[in-house]
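Please open the structure in your viewer and keep the selection tool at hand. The stops below can be taken in order.

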Amino acid sequence: MKFLMIYPNKVMITRAPLGIGYLATYIEDAGHEFKLFDTTFISCGECPSDDALREQNLQVVNPDFEKLGLVEKNINVYDALEKEIESFQPDMIGLSTVDPNHNFGMQLLRHCKSIRPDIPIIVGGPLSTLVPDDVIVEESVDIVGRGECDIHLAELCNRYHDIKYPGVKKAPAQSKSKKEKKNLLNVLTPAEAKPRKSGWESLYDIPNLWVKDKDYKDNGIVHKNKVTLPELANGLSPNLSIYDPRHLLRPLGGRMYNMATVIWTRGCVFRCSYCANETFYKAADASAKEYYRKKDVKPLIEELSRFKEEFNLNFLMFVDDIFPLHEPELIDEFCRLYKKHVDLPFSVNLQPRLVREDTFAMAVDAGLRNICVGVEAGSDRVRRKILKRNYRDEHVEKVFAMAHKHRIRCSSFNIIGLPDENREDIFETIAVNKKINPTSATVTFFHPYRGAPLRELCVERGYIDPNQGKHEDVYRTDSQLNMPQITKQELKNIMKSFQLYMKLPEEYETLIKMQEDQSSFEARQIREKILLPVFKKIQDEESKWDFRKKKEWWTSDISGREEVDSKVKLPATKPGDAGFVPLPVLRVGTKKAGEDFKKELYPGNESVIDISGKSATIDK
Ligand code: B12
Ligand code: SF4
């Protein structure tokens, strides 16, 4: 049978989602046809792209996306979907959603149902796992998939094939090795082996699925099955060839890479309150420990080296919630094989508590060149009490010190606008970032996505409406919380200035504060004419990382060495201290300081700026 999967990516967020990739593999492996309808490169609304939003908040420097074809096509997405259905003639339609794209996904499904009411529809993905009741009530939805459905969606296709094409043999399964096939069969539960009912009723007992009764409209019955966890050790690889190759074109530090997002482990042992992790493992009735699973190293390496060849990759981005640096033996095996068979620079996500010096050094030796670390909040109170993240500043500082020592790129991840967080708390986050000196700091607004325990607190305190449904693009653009201690506008202002506070020397603080509220002409002038030019100089330094070239160039050189060997000139990289390129020391409030500013920051028309006392004024 033919399965059409919809990926309703409304804001152009590139990177191929692995979940859909795995489902494609297992469906094809079971002998069915899989097609993806991906809206990433179709214009679906007014929201700017994710990368554009990050650039607006000074968090990254983007290459020219348009030149590289990374643009949204101006066509009607509903017409495009209709055409796809007409030409592919699917037997079943699937949709994969997370909270912010769920509403849009549902609009697409309603359209599908209106033109082809005969095609059954299944919705899955993180949102369906977290809040299945919110999904099953939708009229256009027939089945909800919960948890990791690698095996069970394929099983649904098998059974639906038998309903729709009784007696017709489906194409043979495509698993390449016997071992893989055995693995596929092993995961099927005894429930699947018992004698089945016929017709739609034969779908009622598939693990992980909630299936509407054939008489649902009259009796409202939903057949709910338990969520099981697939065994990962020898699992199949995701099919990335279903994606538009532009998903692999990713910027890092201002340069473009042919980069695949890949994953070694699934799950996480922590239970931070703003994250869906705890709700995920509870849905599967598992402990955090059981939920954290890994693929065996050998099949993982085979997968990565195959991807490298197939997609001509020059960088790998591991998206594991926590890369297993805390398991030395495993890392040792991984690093040895990775160096030999993959040999590409790579990036990982780390939890500060789990980082060890020895495994960190091994990973750097194998090609680790970028780390992403959740700092989230600088205030100990906010971090521990609100976010339920139990580590101290020292843990964070240690990880970034390791990155600097090994001269690799490092990003901090930060959230502002958390429940009960005030202005002072946010400035503690800025202070920690100043101290750890990351190459780049990603900052987002807290958003209480459905399924995160912290959402309940927001509802309880009246910070959000319990039925709040507008989730699109909020996490980069706006806070959605109405809190007494800080306004949405102030949060927006701080977001716009976070990078300036963090990267410019303290002497600039008065000026930065003066321009936080950008509603006046003066404030805009200070930002554009004084602060941004200085900031750009610092940011340019970050764009000089180049992992695409010779291996020797993968690490930075903070001592300013110009060459690796006599024939090859290195770009002048100083990323290890990228956040703090020496700037002229300014003494705000003195005549000398005013002159310094004029010369350094506003060459050509020095008369426009007058700095006196603690405040600066700009002549119009
Ligand atoms: C990697 C990742 C990303 C990457 C995706 C790139 C990539 N190549 O995968 C990037 C950075 C782009 C990303 C972006 C976002 N992410 Co994200 N991301 C993750 C992360 C860390 C891992 C996802 C993953 O690969 N899991 C492994 C695969 C195998 O699992 P899976 O994707 O869930 O797929 C399985 C099941 O869900 C199911 N399934 C999936 N689709 C379908 C469809 C059907 C029909 C069926 C039956 C089953 C099914 O079967 C799959 C195979 O087992 C998760 C955290 C997590 N633990 O899941 C957050 C997570 C999914 N992200 C989240 C969010 C909020 C976002 C953003 C909205 C953030 C933002 N505002 O920008 C965007 C949305 C992007 C988009 N348009 O979809 C939230 C979702 C919470 C929620 N309540 O919905 C999560 C859960 C993290 C969290 N904070 O809790 N993300
Ligand atoms: S460490 Fe990361 S993935 Fe794990 S629970 Fe916390 S936020 Fe979620």
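Predicted model: local features only at pLDDT ≥ 70, side-chain atom pairs only at ≥ 80, totals over all residues.

Residues are numbered from 1 along each chain as its sequence is written, and chains are lettered from A and ligands numbered from 1 in the order in which they are written.

Select ligand 1 and its shell, where a residue belongs if its C-beta atom, placed from the backbone, lies within 6 Å of the ligand. The shell holds 41 residues, and the closest are Gly19, Ser96, Gly124, Gly145 and Glu148. Now colour helix H1 (18-29), which gives the largest share, five residues; helices (H or I, at least four residues) and strands (E, at least two) are DSSP runs, numbered from the N terminus. Domain 1 (2-61 + 72-224) and domain 2 (263-503) both contribute to this shell, so ligand 1 lies between them, the bounds coming from an automatic or database domain assignment.

Next, select ligand 2, whose surrounding residues include Cys268, Cys272, Cys275 and Asp321.

Finally, select Ile27, Cys157, Phe315 and Leu316, which have the most contacts (C-beta atoms, placed from the backbone, within 7 Å) inside the largest nonpolar core, a set of 149 residues. Such a core joins buried Ala, Val, Leu, Ile, Met, Phe, Trp, Tyr and Cys residues through C-beta atoms within 7 Å, buried meaning that 20 or more other C-beta atoms lie within 10 Å of a residue's own. Helix H21 (residues 488-503) supplies the largest share of this core, seven residues.

Note on methods
Buried ≥ 20, exposed ≤ 12 C-beta atoms within 10 Å, placed from the backbone.
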